[in-house]
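Trainee: I would like to learn how to read some features of a structure. Please take them one at a time.

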Protein chains: 2
Amino acid sequence: MRIDLVPDDPFGLHNLPYGVYRAAGRAPRVGVRLGSYVVDLSRLLGDEVFATGSLNAFMAQGPTRWASVRADLAEALAGEVSDEAVHHLADVTLELPFEVADYVDFYASEHHASNLGRLFRPEAPDPLTPNWKHLPIGYHGRSASIVVSGTDVVRPCGQRLPPGADKPVFGPSTRLDLECELGFVVGVGTGLGSRIAAADADEHLFGVVLFNDWSARDIQAWEYVPLGPFLGKSFASTVSAWVVPMAALDGARIAVPPQEPVLPYLAMDGPWGLDIDLAVSINGEVVSRPPYAATYWSPAQMLAHLTVNGAATRTGDLFASGTVSGPGRGQQGSLIEIGTGFLEDGDEVVIAGEARLADGRRIGFGEAVGRVVPALPWGEEQGDV
Amino acid sequence: MRIDLVPDDPFGLHNLPYGVYRAAGRAPRVGVRLGSYVVDLSRLLGDEVFATGSLNAFMAQGPTRWASVRADLAEALAGEVSDEAVHHLADVTLELPFEVADYVDFYASEHHASNLGRLFRPEAPDPLTPNWKHLPIGYHGRSASIVVSGTDVVRPCGQRLPPGADKPVFGPSTRLDLECELGFVVGVGTGLGSRIAAADADEHLFGVVLFNDWSARDIQAWEYVPLGPFLGKSFASTVSAWVVPMAALDGARIAVPPQEPVLPYLAMDGPWGLDIDLAVSINGEVVSRPPYAATYWSPAQMLAHLTVNGAATRTGDLFASGTVSGPGRGQQGSLIEIGTGFLEDGDEVVIAGEARLADGRRIGFGEAVGRVVPALPWGEEQGDV
């Protein structure tokens with residue numbers, strides 16, 4: 001068969017994102033998306049590296065191989081494809097596309113960090129901490145709690161300090177939030193005691209996903225001093241099912257916003273910003289349109305910083321941008337910034353994204369979707385101290 | 001052969017810690033330590049689950065199986081053992097005993113948290129933050145940077161803010177520290193959206209290791225507000241080669257120090273303190289003897305807290321106690337508390353540990369050893385902004 005594409009399809013031959021799908025009664029396999037179809041890569045290319053339930057083995061093969069597979073795919077998918085290798089998206093379920101090794105969340109948006117600084121530290125003269133423009137602030141998160149788009153999110157329970165109280169209470173979070181982010185997937189890491197230069201980031205970065213770093217603001221506010229967010233974040237983070245290759249985004253590279261002078265290890269040798277439009281919807285209504293292009297720190301800088309101390313990286317490492325917020329109204333990437341309330345049980349949150357290439361074509365990312373379901377029973381006995 | 005034990009050997013039949021070893025020219029295997037020997041478990045018990053390079057497959061089999069293997073071992077090792085299954089420790093290298101899934105570091109010692117509060121927040125009226133006695137504070141760390149005892153530790157480079165300066169400089173850490181801790185290894189986890197009750201911790205906890213959470217205090221001080229430690233910790237953490245089974249420590253269970261009232265999910269149904277003596281040596285000289293028994297929060301409470309929000313746990317999860325410090329002089333578990341200076345290149349740090357059982361016998365943990373080696377070249381160009 002020949003795979004039909006709609007005009008200007010954001011999942012055309014210029015995109016070709018990778019994912020892991022399961023056809024009814026079959027084991028999961030690596031596939032590539034073209035239009036509204038997923039193509040079985042091990043059948044198409046006859047390579048067993050794709051006959052698994054994760055992208056990790058392929059990602060570990062490195063950038064030369066990524067480029068050659070991408071070229072082979074563009075050629076093979078432009079012609080006739082065996083019917084047996086093709087599934088309509090409606091006929092498959094999509095799974096977590098890669099095994100997550102270490103997961104780090106950054107805090108790379110100046111507008112978001114300023115908005116949160118004003119909310120969490122209203123007494124401070126500057127909403128940004130003194131280190132903010134010198135390094136991309138980041139922290140490690142919980143890899144086991146990363147789920148694929150479509151997975152329900154159970155409202156977390158935990159401790160929170162009610163206003164004016166001197167001791168905490170226990171129960172479901174009453175300030176459940178979303179965070180609209182991009183995630184960057186490391187294909188090839190380096191051992192302990194080595195560094196990745198910002199200029200070499202392309203040798204290591206495999207692709208990009210949409211990311212929702214669900215956050216319980218009441219749990220977070222009570223726990224996070226002095227060692228950072230923990231249970232306020234670790235209950236779930238949602239990634240989109242498709243990993244868009246970095247190579248598909250070459251035409252979306254733009255300059256990052258002007259930066260203050262940085263230490264040499266954070267210098268870049270080319271444009272590392274990305275012209276990607278994000279959109280957050282709740283129950284079908286768009287509540288925000290954060291522009292990723294406004295993000296201060298680039299993924300190359302995040303990776304260089306993450307490894308400058310010699311930290312080891314591995315295939316499947318995921319680092320996220322932190323909440324993406326633009327400067328304008330309607331561009332904030334979290335509800336605490338928007339200020340109109342938090343998530344209710346039953347709410348469905350959809351983060352969508354699309355890159356604009358310099359030649360006018362669009363690159364689709366799909367969606368990172370999650371529905372909030374009620375908290376686990378917690379009982380009377382979990383009430384007061 | 002019959003394996004000789006010295007009188008009161010802390011690695012006798014009452015201990016039987018698990019590890020992964022490699023004999024010359026052979027693939028790594030799971031073994032058990034008895035006296036000064038390691039015994040090949042797949043040969044001894046004829047079970048392929050041990051013919052691998054990690055404990056994870058065995059740990060995933062769960063607590064009933066852990067108990068039956070322990071009983072089988074005690075019986076098999078009390079008699080004649082095939083020469084081919086036995087190696088002297090001098091003839092093997094020891095490897096990382098398990099694949100680390102998620103790694104969390106807690107902050108469970110009141111004496112340590114008080115000491116650090118006074119150092120980092122001298123202006124605060126109380127050295128403990130208001131949340132400290134309500135929850136075991138923790139944060140996620142970097143699993144990829146966890147190494148087995150004996151691995152050299154490269155002095156990390158990074159940003160630090162010199163006293164009085166208004167912008168950071170780059171270079172090797174000048175305040176490299178150790179942290180003497182215990183690590184707890186999860187054998188069986190639970191899926192996303194479930195909790196582990198403190199009373200059920202024994203069903204999930206497989207064993208205990210010694211742990212050195214190397215820390216660059218200058219990097220940490222500059223980066224850690226507001227999202228916690230990152231590069232100041234992620235360059236290396238050392239675990240001992242032997243995982244002491246929880247079952248071997250039944251006789252070392254004691255009450256934890258008196259606690260303020262806690263929320264019900266943190267209540268315990270029995271003694272969860274551990275009477276374990278730790279010792280920190282630098283270049284052969286003991287600099288501290290931290291008593292683990294003085295630690296405020298128990299491992300059962302740490303695990304209950306870690307999962308109370310529904311976070312997923314997995315086989316191979318590691319959570320550490322945080323620095324163990326006692327109330328007395330000579331009991332502090334880090335150099336910043338001891339106050340006599342930081343680590344120099346070439347320094348060898350040894351953390352050793354031994355449990356005291358109620359019946360007077362001792363349980364050996366071995367050592368977590370690491371030598372500091374000079375920083376990677378960083379060059380002139382990495383100097384000032």
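Trainee: Is B:Tyr224 buried or exposed?
Mentor: Buried means under 20% relative accessible area, exposed over 50%, and partly exposed in between, with a 1.4 Å probe and protein chains only. B:Tyr224 has a relative accessible area of 11%, so it is buried. B:Phe120, at 23% relative accessibility, counts as partly exposed. This is a predicted model, in which local features need pLDDT of at least 70 and side-chain atom pairs count only at pLDDT 80 or more, while totals for chains, interfaces and linings use all residues. Residues are numbered from 1 along each chain as its sequence is written, chains are lettered from A and ligands numbered from 1 in the order in which they are written, and side-chain values use heavy atoms, with hydrogens and water left out.

Trainee: How is a pair of aromatic rings described?
Mentor: By the distance of the centres and the angle of the planes. Rings of Phe, Tyr and Trp (its six-membered ring) pair if their centres lie within 6.5 Å; planes under 30 degrees apart count as stacked, over 60 as edge-to-face and the rest as tilted. Over all chains, the structure holds 30 aromatic pairs. One of them is edge-to-face and joins A:Phe120 and A:Tyr224, at 5.7 Å centre to centre and 75° between the planes.

Trainee: Which parts of chain A does that pair tie together?
Mentor: Helices (H or I, at least four residues) and strands (E, at least two) are DSSP runs, numbered from the N terminus. A:Phe120 lies in helix α4 (residues 110-120) of chain A and A:Tyr224 in the loop between α5 (217-223) and β16 (237-239), so the pair ties together parts that are 104 residues apart in sequence. A:Phe120 counts as partly exposed at 23% relative accessibility, and A:Tyr224 counts as buried at 12%. In chain B, B:Phe120 and B:Tyr224 form an edge-to-face pair, with 5.7 Å centre to centre and 70° between the planes.

Trainee: Which rings are linked into a cluster?
Mentor: Ring pairs link A:Tyr18, A:Phe50, A:Phe58, A:Trp66 and A:Phe206 into a cluster.

Trainee: Where does the charged end of A:Arg33 sit?
Mentor: A charge sits over a ring if NZ of Lys or CZ of Arg is within 6 Å of the ring centre and within 35 degrees of the ring normal. The charged end of A:Arg33 is over the ring of A:Phe11, 3.5 Å from its centre. In chain B, B:Arg253 lies over the face of B:Trp272, at 3.9 Å from the ring centre.

Trainee: How are two copies of a chain related?
Mentor: By a rotation about an axis and a shift along it. Copies are superposed by least squares on the C-alpha atoms of residues with pLDDT of at least 70 in both. Here a rotation of 180° with 0.0 Å of shift along its axis superposes chain A on chain B, with RMSD 0.0 Å. That is the relation of a two-fold axis. The C-alpha of chain A nearest the axis belongs to A:Gly228, 2.1 Å from it. Of the interface residues of chain A, 100% are also interface residues in chain B, so the copies meet through the same surface.

Trainee: Which residues of α3(A) are buried?
Mentor: They are A:Trp66, A:Val69, A:Arg70, A:Leu73 and A:Leu77. These residues cover an arc of only 105° around the axis, which puts them on the same side of α3(A). The arc is that of the directions from the helix axis to the C-beta atoms. The face turned away from the buried side of α3(A) carries the exposed residues A:Thr64 and A:Glu75.

Trainee: What do most phi values and peptide bonds look like?
Mentor: Most residues other than glycine have a negative phi, and most peptide bonds are trans. A cis peptide bond joins A:Val225 and A:Pro226, with omega about 10°. A:Pro226 is in the loop between α5 and β16 of chain A. In chain B, the peptide bond from B:Val225 to B:Pro226 is cis, with omega near 10°.

Trainee: Which phi does B:Asp8 have?
Mentor: B:Asp8 is not a glycine, yet its phi is positive, about 55°. B:Asp8 is exposed, with a relative accessible area of 63%. B:Leu16 has a positive phi near 55°, and at 1% relative accessibility B:Leu16 counts as buried.

Technical notes: Contact = heavy atoms within 4.5 Å.
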